[in-house]
Amino acid sequence: MVETGTTSSWWRTQLQIHHHRRWISTFFTTRKTLLAALWIAFFFTVFLWQQRSAAAGFSIFRRPISSRAFPKLRPVAFNLTDFGAVGDGVTVNTAAFERAMMAISKRGKKGGGQLNVPPGYWLTAPFNLTSHLTLFLAEGAELLGINDEKYWPLMPPLPSYGCGREHPGPRYGSLIHGQNLKDVVITGHNGTINGQGQAWWRKYRQKVLNHTRGPLLQIMWSSDILISNITLRDSPFWTFHPFDCKNVTVRNVTILAPVFEAPNTDGIDPDSCEDMVIEDCYISVGDDAIAIKSGWDQYGIAYGRPSRNILIRNLVVRSMVSAGISIGSEMSGGVSNVTVENVHVWGSRRAVRIKTAPGRGGYVRQITYRNLTFENVRVGIVIKTDYNEHPDDGFDPKAVPSLEDINYFSIHGEGVRVPVRMHGSAEIPVRKVTFRDMSVGITYKKKQIFQCAFVEGRVIGTIFPAPCENLDLYDEQGHLIRRSTSQNVSDIDYDF
């Protein structure tokens, strides 16, 4: 038979297809074998890893306890169990903490010491810190505050308050307390200090407490303080309250409390503090996330210690009943040179607020808010000058605070009901306010959503929503467009 060119071509094509199919079949067979081998090797590796890790309690199928070693940050390090502590959530370990602090205090001239708190639940009554200390909380370590008030000592009122914040006379101390300290670090692998505040909140609402509740962590008259890489939660009262301190840093800290029915659980309350940084934190609590203070009425005026040189940056905060970042209302010693930048406030009643009243005295000045984002906030920017809570009848109503040099730059957001409500008064006018680069999406298209009363200042460039008529208008180059003649006009409306 003679093979034609067409037949020869057909056979060559079939032969090529045959060889191609054999190559594909061989490839997939080889690939299946390779994949099977890889799976066997993977599971064998996991099996060996689990066998080697079993003694340490690890498992791929459950959340592991931290395997990270404690870093040595001081010349000498102790473990809390060295002092007889038991982390079962039942044993009260106050004596162990006290013995540890005593041991570290003896090494103050040699660089101090480090107290490592391993994983576990460490129940304790209040105890005092010492200088030159690093308190290190491992992942899985949780300090639990005992919730029976009989274990909480009573302390004199703060000298700048004159009485307890909730009751006259003495107040409960904090769970972790320190006075006249230097060089204190509280850090860890995100261990937790839990105030177990539920019982305190309930008794407060029932009005059965005779003294002001205590903070979770309070450090007074101290310097060089660092709080980092931990979680603070469920404080009976204010969470972290540094009082009359210098050089304080709070970094990478999570602060939590229920957003409802956890009264006065402020996150961080710098009080008459100087040179402080709060950065890279998440705070969601039942009152102000941050409230800068400096004393209450005549007692704060007499004490005379301002809060100043404070930087707050890179935060996400939430407060359903109060504000994200507040200044006041206890600001009688003065507040100045505060910068709040790169802050996201979400799901909150108010975003940033300054609050004061006749009788406070003092001042709020040189305040800059920059690059703020509001998300689903009822009122964005608030200044309130009639916050009339007083320690007693001895305050002077003629002691009025001054509010000036307050700047808002790069303010953005969405879902905001009232972007601005600045409520000055004839007694307490708000002066030298500046707005620049503002665009806030609103939920209510009503006329009075940028509300002002007794406010003097300026708007540079175009902002949204349109500003109140109290403010001067300038173009982007700083040239005056329109001078306001209505600084004392009021369009405050609390009905929405």
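User: How many disulfides does the structure hold?

Analyst: One disulfide, meaning a pair of cysteine sulfur atoms within 2.5 Å. This is a predicted model, where local features need pLDDT of at least 70 and side-chain atom pairs count only at pLDDT 80 or more, while totals for chains, interfaces and linings use all residues. Residues are numbered from 1 along each chain as its sequence is written, and side-chain values use heavy atoms, with hydrogens and water left out.

User: Which cysteines form the disulfide?

Analyst: Cysteine 452 and cysteine 468, with sulfur atoms 2.0 Å apart. The pair links distant parts of the chain, 16 residues apart. Cysteine 452 is in strand β28 (residues 450-453), and cysteine 468 is in the loop between β29 (455-460) and β30 (471-474). Helices (H or I, at least four residues) and strands (E, at least two) are DSSP runs, numbered from the N terminus.

User: Why is the disulfide left-handed?

Analyst: Because the torsion about the S-S bond of cysteine 452 and cysteine 468 is about -80 degrees.

User: Are those two cysteines buried or exposed?

Analyst: Both cysteine 452 and cysteine 468 are buried. Buried means under 20% relative accessible area, exposed over 50%, and partly exposed in between, with a 1.4 Å probe and protein chains only. Cysteine 163 is also buried, at 10%. Cysteine 281 is buried at 4%.

User: Switching to strands. Which strand does β25 join?

Analyst: Strand β25 (residues 402-416) runs parallel to β27 (residues 430-442), and ten bridges join them. Two strands pair if DSSP finds at least two bridges between them. Isoleucine 411 stands opposite methionine 438 in β27.

User: And how many bridges pair β27 and β29?

Analyst: Five, in the parallel sense. There, phenylalanine 435 stands opposite valine 459 in β29.

User: What is the strand order in the open sheet of four strands?

Analyst: The order is β5-β10-β13-β16, with parallel pairing. The edge strands, β5 (127-128) and β16 (240-243), each pair on one side only. Four bridges join β13 (residues 217-220) to β16. Isoleucine 219 stands opposite proline 242 in β16.

User: Now helix α3. Which of its residues are buried?

Analyst: Ala199, Trp200 and Trp201 are the buried residues of α3 (residues 198-206). What covers them includes β9 (171-172), where contact means heavy atoms within 4.5 Å.

User: Where is histidine 132?

Analyst: In the loop between β5 and β6 (133-137). Histidine 132 has a positive phi, near 55 degrees. At 24% relative accessibility, histidine 132 is partly exposed.

User: Which peptide bonds are cis, for instance around serine 329?

Analyst: The bond from glycine 328 to serine 329 is cis, with omega near 5 degrees. Serine 329 sits in the loop between β22 (323-327) and β23 (335-355). Another cis bond joins phenylalanine 464 and proline 465, with omega about 0 degrees. Proline 465 is in the loop between β29 and β30.

User: Last topic: how many cavities of 30 Å³ or more are there?

Analyst: A search of the whole structure finds one. On a 1 Å grid over the protein atoms alone, a cavity is a set of points where a 1.4 Å probe fits but cannot get out, and lining residues have an atom within 4 Å of a point.

User: How much space lies in the largest cavity?

Analyst: About 110 Å³. The volume is the space filled by probe spheres set on the grid points, which are joined across faces, edges and corners. The lining has 15 residues, with Leu158, Arg171, Thr212, Phe237 and Trp238 nearest the centre.

Definitions and conventions
On a 1 Å grid over the protein atoms alone, a cavity is a set of points where a 1.4 Å probe fits but cannot get out, and a pocket is an open set with protein on both sides within 12 Å along at least five of seven lines; lining residues have an atom within 4 Å of a point.
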